[in-house]
Protein chains: 4
Amino acid sequence: MTLRASVVGGSGFTGGELLRLLTQHPEFEVVQATSRSYDRKTVGRVHPNLRELDLRFSSPEDLESVDVLFAATPHGVSMQQIDAFFDSAETVVDLSADFRLSTEQQYDEWYDGHVCPEYLDRAEYALPELNRENLPGADLLASGGCNATATLLGLKPLFDAGIMAGDEQVVVDVKVGSSEGGAGGGDASSHVERSGIVRPYAPTGHRHEAEIEEFLGLSVSFTAHAVDMVRGASATCHVFPSSPVSKSDLWEAYRASYADEPFVRTVAGGGGVYRYPEPKVVAGTNMAEVGFELDPKNRRLVVFSAIDNMMKGSAGQAIHGANVALGFEETAGLDATGFHPVGAP
Amino acid sequence: MTLRASVVGGSGFTGGELLRLLTQHPEFEVVQATSRSYDRKTVGRVHPNLRELDLRFSSPEDLESVDVLFAATPHGVSMQQIDAFFDSAETVVDLSADFRLSTEQQYDEWYDGHVCPEYLDRAEYALPELNRENLPGADLLASGGCNATATLLGLKPLFDAGIMAGDEQVVVDVKVGSSEGGAGGGDASSHVERSGIVRPYAPTGHRHEAEIEEFLGLSVSFTAHAVDMVRGASATCHVFPSSPVSKSDLWEAYRASYADEPFVRTVAGGGGVYRYPEPKVVAGTNMAEVGFELDPKNRRLVVFSAIDNMMKGSAGQAIHGANVALGFEETAGLDATGFHPVGAP
Amino acid sequence: MTLRASVVGGSGFTGGELLRLLTQHPEFEVVQATSRSYDRKTVGRVHPNLRELDLRFSSPEDLESVDVLFAATPHGVSMQQIDAFFDSAETVVDLSADFRLSTEQQYDEWYDGHVCPEYLDRAEYALPELNRENLPGADLLASGGCNATATLLGLKPLFDAGIMAGDEQVVVDVKVGSSEGGAGGGDASSHVERSGIVRPYAPTGHRHEAEIEEFLGLSVSFTAHAVDMVRGASATCHVFPSSPVSKSDLWEAYRASYADEPFVRTVAGGGGVYRYPEPKVVAGTNMAEVGFELDPKNRRLVVFSAIDNMMKGSAGQAIHGANVALGFEETAGLDATGFHPVGAP
Amino acid sequence: MTLRASVVGGSGFTGGELLRLLTQHPEFEVVQATSRSYDRKTVGRVHPNLRELDLRFSSPEDLESVDVLFAATPHGVSMQQIDAFFDSAETVVDLSADFRLSTEQQYDEWYDGHVCPEYLDRAEYALPELNRENLPGADLLASGGCNATATLLGLKPLFDAGIMAGDEQVVVDVKVGSSEGGAGGGDASSHVERSGIVRPYAPTGHRHEAEIEEFLGLSVSFTAHAVDMVRGASATCHVFPSSPVSKSDLWEAYRASYADEPFVRTVAGGGGVYRYPEPKVVAGTNMAEVGFELDPKNRRLVVFSAIDNMMKGSAGQAIHGANVALGFEETAGLDATGFHPVGAP
């Protein structure tokens, strides 16, 4: 028997991806998608790929009773609505930043405070590669930020293997596509102004530093650039480890962490065109690619990771986390393969 | 029990798409992919989306015995190899132009002749929307050309409904992505020279005119332009019908032809951003979008159609045709939904 | 001694291009740029290429007295302000559609009427290739629409040479970049929704049909598609001439019309990558490329033309027209060469 | 009286840019462009923007006698030909890496050795912002590498102002366009494979590290990524200074170094869409944009710089250096302004 699911904030980009994934998921049926702006309009009007879906947006005021509610609302909305969410659902999967961090103090420091700090302990970070053991049975899941996810997946094996301890100097230089800004956006998001750019859009002080610190205990120097693609986040981590490390150490570390992970693969060198992680290879999928290269001259280790920010970086991760929390097959609804050839999905 | 399938020409773009589709297809298992250039290399080296696939290319000289052989070789190869293909397979699905037309004379006129004209009668055009009734049991299928497919799907309802008779003036202005040129290619295919272009690449005399004439009995004035996308073919047909036609006539015609088709949808006007067929909406899927607009001032009818040239325009159509020929569920292996947001897949 | 010039509507795309061209023009000095939204802000804040320009926007209410006023305001504004424009300037060059057509009836039919029809006789179409003889001394110039300009330049030699008479069937299929929509724009103009598209955005009834009819006496069936580039308009005219025509007839016709034109070159066949007109080759310049191909099978003639919609299609044409009207060197301020390699300018 | 100039290697991308710049330069006339592959073909066949240029490529075996020879050949060719170059020219401006470093040992370490080390002392690095004082009268100029140029211009003010001493930890993360790979290139350079990418193409060990070390005495950890643009190089330098630094210190440093430089401007914050250096703003020009942001939490300083790799990063820098060496106006032939709106030039 399928579980009833709703998507709050269904007209946004991540909301649309949730609807696409849930309607193809063997364990879920979508009973509601809310949108204040598109109330009573068809889902296909906003998401043309879903024209066949026989569903209209409804008002977020009238939440139907469901098993699982997915919240794809902007930061700050879920913390306001969390009681209403739990009034209508057994399980809440939130895609905003509202329940990712563990303490009210962090929200004071990185965001504008928190209005429901009592839920922070209850929430579990939804990224299974980091937090699988705490997900089964969890009823409040916080899907990770896309840039944080890319960074965390890239660096985790180094911690698992003891190559990093958390006090290293690390620069994270991220390149992201235009979907990361969400629907709407002003002049800076227009095709004219945003085509062909390499634009520093979060030079310093990016909030995802907090998530990375939370889960790795590592302070990173983070900078994000917008580049000309729609989907995709690519993180390059420049790490200066305290002791020398070899390529075989690295291969061993990445295999140990990810050999059994269905959604992470290691790509580091080899022949052909695609020798390191690239976002366009994983576009449309829940897969993350991670890889690395050594720089002995500078005693540096460069770690690359690439995800689809709409999938592994938000909607796909949310479904993956829900699959684990609810005891479903981990890959249920997430087994799409990427494309080749492909442009800039 | 699954059927054994092979892909000859597996390192090309359409070969890669066939491999992706067949490995996810419930009725097939892939037992061989050939490539002269990449003999013994892994499939994932060429098609990075298929890195998980445990398969290496083998030489086209050593064809394994299979139930269905898919040939994704350049024009002129299949006609040379067709006997060898049938020596190793019960059913052959050819993606080149070698078996699309019905007479040797047409190959003399549009191509460089034909070396196996005795097979032409046996071959069936694989596009089910045009030729479904002749597909069951066919053992030689010829998957249609991408531009011809887009054009045929756009115009067919006008013939079905008697709005066109075949003697009308029709201009077909097509816009295609870079994957249509196939792998390889010289300077003109490089990113530097091909980015941002609107390039007339087949101004007149395009061979797909022959396929359109073959199946609609209509002579079209065809011109193709290369534009900046990787996947996708968009055909705009400017039709001058002999009698006036209304919008409701058109809606009736398109509904009559396509209401029951799983892979065609009509998009003509309405609200939102996507009001007519657009290739990026169907990218990655086997769906075709068709639509129309009236131009009373010029007594013109404009028909739009959009497909993914790699899917509905080649590999997807081949699988769809094979599904019908072999008695499988028509949509088997082809039920992927498109993406939103999406760039230029 | 330089002439004093002002740009009304200086924060829009064509306004910015006018400012760029005028500040580099040997005969002009810019004394004012108006913008309601950016009043008192620097020009460089909106147009980052003009950061070195020491000029702030001022309110359109306070027009300074100048020799030449360039109006880059949306359609409908210039006809409201034309008296005020002439109160402050000897010569007015308007880039909107407000003074392109010759009769009030045309504005009733194609636009929402006209509030100053008494100026229509006084206005001269600014495209020198069509109207050079009437420009010297004119004090109201109407710069042509970009799509009309591309089409007119492509077809004109056929009329000059008597190959066309005006009663032919002609389909014009245009592909344009995102700058044609102007600044602002909603969701459809966002990078996410507009990347990688082939989008029918003016399927029928485009207003530029009126300009083409006005200057060639030819009724055309016009359709425009938005494609993934920022600058550029490419018109493909499918012409069915009443008598047969040869390639040498065509070369003779195009040479006769354009051999002495500084801003038109004919590109038709030959070797290399660029064999027909392409917008990216002329991007950033006032050059138009025109070319042709014969289709004997369909008794069709295909004419290609490509311009930079911001230059030959608006700001460059305005300057060119003003140069002729004011007796300056025709190419003054417009001698920039295009780029190679180049992406999608 | 103009100087006679030749371009050896005129069919490559930088060769084409040299030809464009030299034909518009008030002090030069181009008398020869060589190309082995396109011998006797017109320049316009390869560089469509130069179709008006009445010049055919000639063989590199027959160098004409000129005042200045510009060599735009691949690395390793100029060191082989340098005697022949000086046989035919008074002054040689080399755009390859062959004369950028000062010792044979560096060429042994970073390249494949040097066959004419006796010229290394004679050569002057052509970047005037770093080496203006040594250029007048120099007869062998070595134009800098594009990525090195971007990095050097970004960091130089920190050395000038004593904010950096050379022993700091510095990560340089560069994003480059496809023109950087030069003409030719294989599958990886095709539009299909290169569209929409963020591809680590020089993860570690990039040779431009040597140039940066040579001119700043600073060892940097350098990584380059290919992104979807044609022209442009953007360097993000993550610097960890030994003492705290304030924004006003930085503004003071950048103003001190660059206030009088005609080809560098500082962009750091402010309003509007373009708040930091962006390659598309300077595309087509010889301008470099530099800027910075502070990251007090991580005691980090982030420096951004953006150039057009074809201009400031190669051909433009070569002309600029030649202008200084020969006593011309510094900006002669280089005064083009960038574009807005603009896509990805």
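D:F304 is buried in this predicted model. Its relative accessible area is 2%. The ring of D:F304 pairs with that of D:Y276. The two centres lie 5.5 Å apart and the planes meet at 55 degrees, so the pair is tilted; the edge-to-face class would need an angle over 60 degrees.

Over all chains, the structure holds 46 aromatic pairs. One of them is formed by A:F339 and B:F339. This pair is edge-to-face, at 6.0 Å centre to centre and 90 degrees between the planes. A:F339 lies in the segment after α11 (311–326) of chain A, and B:F339 in the segment after α11 (311–326) of chain B, so the pair joins two chains. Both A:F339 and B:F339 are buried. In chain A, ring pairs also connect A:W251, A:Y254, A:Y258 and A:F292 into a cluster.

B:R199 lies over the face of C:Y274, 4.9 Å from the ring centre. The charged end of D:R199 is placed over the ring of A:Y274, and here the distance to the centre is 4.9 Å.

A:S195 has contacts in several chains. A:S195 is located in the loop between α7 (191–194) and β8 (198–202) of chain A. Its relative accessibility is 6%, so A:S195 counts as buried. Residues up to four places away in sequence aside, A:S195 touches A:D228 in chain A. From chain C, C:H191 and C:V230 are in contact with A:S195. From chain D, the contacts of A:S195 are D:K280 and D:G343.

α11(C) is mostly covered, with 15 of its 16 residues buried. C:G327 follows the helix and has a positive phi, near 80 degrees.

Note on methods:
Residues are numbered from 1 along each chain as its sequence is written. Chains are lettered from A and ligands numbered from 1 in the order in which they are written. This is a predicted model: local features need pLDDT of at least 70, side-chain atom pairs count only at pLDDT 80 or more; totals for chains, interfaces and linings use all residues. Side-chain values use heavy atoms; hydrogens and water are left out. Rings of Phe, Tyr and Trp (its six-membered ring) pair if their centres lie within 6.5 Å; planes under 30 degrees apart count as stacked, over 60 as edge-to-face and the rest as tilted. Helices (H or I, at least four residues) and strands (E, at least two) are DSSP runs, numbered from the N terminus. Buried means under 20% relative accessible area, exposed over 50%, partly exposed in between (1.4 Å probe, protein chains only). A charge sits over a ring if NZ of Lys or CZ of Arg is within 6 Å of the ring centre and within 35 degrees of the ring normal. Contact means heavy atoms within 4.5 Å.
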